[in-house]
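This briefing describes the fold, the surface and selected side-chain pairs of the structure shown below.

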Amino acid sequence: MIEALLVKRAQRGDVGAFVELIEKHKTALYKAAKSYLGSEEDIADAMQDTLLASYEHIGELKNTSYFKTWLTRILINQCKDILRQKKRYILSDQVEETVYEMPENDREFYELVKELPEDYRMIFLLYYGEGFKTNEIAQILDVNENTVKSRLRRGRDKLRQVLCY
């Protein structure tokens, strides 16, 4: 309820309300960007581009209760744009894996999620890490809700195999 009021205020041009919304969701945005991008510089670029795009287009958000979903979708699109741009300039076998520190309490979760195929990782992060519902994830990733459900089930099966061996 409070978030919906902040969104409405931000849509009317209240910069303070927009900043408050972003502060509330910045950790979730960072985690989502981290699951797509390896380097801190790319994560910062994606987040900055997301904030700019969301500020410019917040008036277009029709349902204020979907603010977090809408914001996360913008972020994922920004991450995909960055990955597309990098592929144009860097051959994949020349890329070094970037090591970054994650909070200790998230380490086991992210280590497990790394075992999953790439198209399952974001779904797991959004579902288990951020608490989105399957229909919201379907909207964010622009896939069918049944696809989200089947990837969750298959992902759980894969993790069960990893943990049992």
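Accessible areas are calculated by the Shrake-Rupley method with a 1.4 Å probe, and for residues only the protein chains shown count as cover. On this basis the protein chain has an accessible surface of about 10,500 Å², and carbon and sulfur atoms contribute 49% of that surface. The model is predicted: local features need pLDDT of at least 70, side-chain atom pairs count only at pLDDT 80 or more, and totals for chains, interfaces and linings use all residues. Residues are numbered from 1 along each chain as its sequence is written, and side-chain values use heavy atoms, with hydrogens and water left out.

**Overall architecture**

- The protein chain contains 8 helices and 0 strands, where helices (H or I, at least four residues) and strands (E, at least two) are DSSP runs numbered from the N terminus.
- Read from the N terminus, the order of elements is α-α-α-α-α-α-α-α.
- Of the 165 residues in the protein chain, 38% are buried; buried denotes under 20% relative accessible area, exposed over 50%, and partly exposed the range in between (1.4 Å probe, protein chains only).
- Among contacts (heavy atoms within 4.5 Å) with a separation of 6 or more in the protein chain, 65% join residues 24 or more positions apart.

**Helix 1**

- Helix 1 spans residues 2-11, and its residues E3, L6, V7 and A10 are buried.
- These residues lie on the same side of helix 1 because they cover an arc of only 100° around the axis; the arc is taken from the directions from the helix axis to the C-beta atoms.
- After helix 1 comes G13, which has a positive phi near 100°.

**Salt bridges**

- The structure holds 8 salt bridges, each defined as a side-chain nitrogen of Lys or Arg within 4 Å of a carboxyl oxygen of Asp or Glu.
- One of them pairs D142 with R73 at 3.6 Å, N to O.
- This pair links distant parts of the chain, 69 residues apart: D142 lies in the loop between helix 7 (134-141) and helix 8 (145-164), and R73 in helix 4 (residues 67-89).
- D142 is exposed at 58% relative accessibility, whereas R73 is partly exposed at 27%.
- Within helix 8, E145 and K149 are 4 residues apart, about one turn of the helix, and their side chains form a salt bridge at 3.8 Å, N to O.
- E145 is partly exposed at 28% relative accessibility, and K149 is partly exposed at 42%.
- R160 and D157 also lie in helix 8, 3 residues apart, about one turn of the helix, with a salt bridge at 2.8 Å, N to O.
- R160 is partly exposed at 48% relative accessibility, and D157 is partly exposed with a relative accessible area of 32%.
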